[in-house]
Amino acid sequence: MMHTEDREREKQQRYKSSRKHNTAGAMSNTARITAMPFSRLRSQARACAEIVEYCLCRSLLGGNAADRSLRQAFYANRQLGARDRRLISETLFGVLRWWGWLRLLAPSAFVQALHNRQDNLPEGLQLDWSRVLLGAWLLEAAEQAPVAVQIWAEQIELDLQQLKFAEPNSNWEQKRLCLKALFPPGKAPVLDRNMLLPDKVLAQLAPEEAVDPELLLQYLQTRAPLWFRAQVRNVPELCRQLAEQGVRVSVHAQMPQALRCQESSVNLQALTGFRRGHFEVQDLASQNVALICDPKPGQQWWDACAGAGGKTLHLASLMRGKGSVIASDIRKFKLDELKLRARRAGFPNIRYKHWKGKELPVWAGRFDGVLVDAPCTCSGTWRRNPGARWSSNTDINEFTTLQKQLLHSAAPALKPGGILVYATCSMFQAENQDVVTDFLQRNPDFELSAFSCPLDGAASDGMRQIWHWEGDCDAMFIARLQRRKA
């Protein structure tokens with residue numbers, strides 16, 4: 001019988017051998033990190049499993065945002081290096097992206113807690129997540145899988161040569177086969193693609209959009225790219241400076257201030273251009289909102305639900321620092337963050353107001369334009385935040401009630417002829433078209449205002465749903481209304 005020390009030596013020998021000959025089969029997908037010793041690799045794989053479990057418990061059991069839980073975990077484990085953090089982040093979001101299938105490989109105690117709607121697991125419980133973590137990387141179709149997958153394969157007594165990694169062009173059947181080796185022989189379940197979406201999601205999409213479920217799922221199962229918004233006029237020079245610092249970008253064909261990040265391994269916040277406010281990180285779909293608002297220099301605008309202020313900054317930029325933008329939010333800490341961003345970008349025409357969503361009679365008839373970027377289910381950002389797809393705290397009725405209240409409260413602040421823009425990062429009809437229709441029925445002094453969508457130039461009667469495949473971006477709903485002149 002083989003002793004523990006002998007098994008450990010055998011594992012280390014297999015690890016060294018595979019690293020020496022990793023040119024064929026599944027190992028061709030495995031990153032070559034030649035400087036990492038076996039003991040360090042095991043420590044990295046164990047830390048990844050522990051933090052992923054923590055975030056899954058916080059997200060799937062506790063209903064907390066996965067990205068916020070991850071930040072908390074990193075803060076509590078500040079000894080982790082950049083390589084460790086990247087492995088943990090990519091593994092966690094890969095697990096959440098494919099959770100509809102991977103939950104069938106999850107530890108039974110976790111599945112039971114999820115079924116019983118427990119907030120957390122009993123303390124001291126030791127769970128093995130190797131199959132789930134390995135399964136995520138088999139499905140992710142990454143250019144290179146981390147060498148940590150070998151540790152997870154060892155823990156369930158599988159050799160990497162037995163495994164199949166998905167390719168970028170793999171179809172659903174090929175992806176299903178990637179998980180076959182992780183189930184007991186002859187017991188691999190039927191993995192339906194609809195398992196990757198929560199129940200009734202497709203039924204909540206607007207019928208007139210005629211969304212292809214296959215296309216929607218293809219995009220939801222891929223990582224969203226990073227988009228920048230240039231805040232300088234000389235965009236080619238900004239692109240050149242970014243390239244010199246290791247950040248490759250390309251300019252969108254229709255939106256010249258929108259830059260798609262092609263490749264970057266640097267800390268963006270450390271870049272000179274970022275510190276000077278020359279660009280902001282903002283998704284392509286989100287950049288359409290301020291462009292559809294179309295504010296003019298010298299006007300007065302109100303960003304009623306400003307949050308951290310990405311759209312506020314865009315409004316101020318389009319107004320060239322002239323006129324004023326009032327940014328309000330119920331969360332004061334978000335406004336504090338916006339103040340720092342506005343100071344960095346050098347916008348003197350932004351002011352701040354704490355607002356709880358109630359009527360503001362002092363502001364009645366004051367503004368040329370009002371933007372209501374309403375709180376929502378954020379279903380349009382599921383590519384970027386896959387954990388939100390499975391959140392148990394998403395009550396669409398609560399959101400629609402709030403959205404209608406915000407529109408009703410903000411509308412009187414407009415001058416006659418003023419523009420009211422309503423936006424959500426949601427795919428759901430109840431939060432989008434239905435809210436606007438309800439508002440128009442209750443407010444006959446407003447009407448839809450036609451516009452051409454900046455993304456593609458397509459004409460709109462006043463409402464536009466942007467989909468992921470239209471720009472490799474988030475999904476976003478935007479409605480533009482106008483208050484009738486007296």
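## A guided tour of the model

Let's begin by selecting residues 414-424 and 476-483: strand 9 and strand 14 pair in the antiparallel sense over six bridges. Two strands count as paired if DSSP finds at least two bridges between them. Strands, like helices, are DSSP runs numbered from the N terminus, with at least two residues (E) for a strand and at least four (H or I) for a helix. In general, strands of a sheet pair through backbone hydrogen bonds, either parallel or antiparallel.

Before moving on, a word about what is on your screen. This is a predicted model, with residues numbered from 1 along each chain as its sequence is written. Local features need pLDDT of at least 70, side-chain atom pairs count only at pLDDT 80 or more, totals for chains, interfaces and linings use all residues, and side-chain values use heavy atoms, with hydrogens and water left out.

**Stop 1: around strand 14**

Next, show residues 463-466, or strand 13, which pairs with strand 14 in the antiparallel sense over four bridges. In this pairing, Ile466 stands opposite Met476 of strand 14. Is strand 14 mostly covered or mostly uncovered? Strand 14 is mostly covered, with six of its eight residues buried. Buried means under 20% relative accessible area, exposed means over 50%, and partly exposed lies in between (1.4 Å probe, protein chains only).

**Stop 2**

Jump to another sheet, an open one of four strands in the order 2-3-1-4, with antiparallel pairing. Strand 2 (248-251) and strand 4 (279-281) stand at the edges with a single partner strand each, so one side of each has no neighbour in the sheet. On average, neighbouring strands of this sheet are turned by 35° against each other, direction ignored. Select residues 226-230 and 258-263 to see strand 1 and strand 3, which run antiparallel and are joined by four bridges. Look for Arg229, which stands opposite Ala258 in strand 3.

**Stop 2: helix 3 and helix 4**

Time for helices. Two packed helices are described by the angle between their axes and the distance between the axes. Select residues 66-76 (helix 3) and 82-97 (helix 4): their axes come within 11 Å and cross at roughly 155°. Axes here are lines fitted to C-alpha atoms, for helices over the stretch in contact, and angles run from 0 to 180 degrees between N-to-C directions. Helix 3 and helix 4 are therefore roughly antiparallel to each other. The cut-offs are under 35 degrees for roughly parallel, over 145 for roughly antiparallel and 65 to 115 for roughly perpendicular, and the rest count as oblique.

Show the side chains of Ala66, Asp67, Leu70 and Phe74 in helix 3, which meet Arg85, Ile88, Ser89, Leu92, Phe93 and Leu96 in helix 4. Contact means heavy atoms within 4.5 Å. By class, the residues of this contact are seven nonpolar, one polar and two charged.

**Stop 3: helix 13 and helix 14**

For another pair, select residues 284-293 (helix 13) and 310-318 (helix 14), whose axes come within 9 Å and cross at roughly 40°. Helix 13 and helix 14 are therefore oblique to each other. On the helix 13 side, the contact is made by Ser286, Gln287, Val289, Ala290, Leu291 and Cys293, and helix 14 brings Lys311, His314, Leu315 and Leu318.

**Stop 4: some buried places**

Select residues 148-155, which make up helix 8; seven of these eight residues are buried, so helix 8 is largely enclosed by the rest of the structure. Just after helix 8, find Glu157, which takes a positive phi of about 60°.

Now try Cys178, in helix 9 (residues 172-178). Cys178 counts as buried, at 3% relative accessibility. Leaving aside residues up to four places away in sequence, Cys178 touches Leu138, Leu139, Lys164, Phe165 and Ala166.

Finish at Asn349, in the loop between helix 15 (332-345) and strand 7 (350-354). Is Asn349 buried or exposed? Asn349 is buried, with a relative accessible area of 6%.

Conventions:
Ala, Val, Leu, Ile, Met, Phe, Trp, Tyr, Cys and Pro count as nonpolar, Asp, Glu, Lys and Arg as charged, and the others, Gly among them, as polar.
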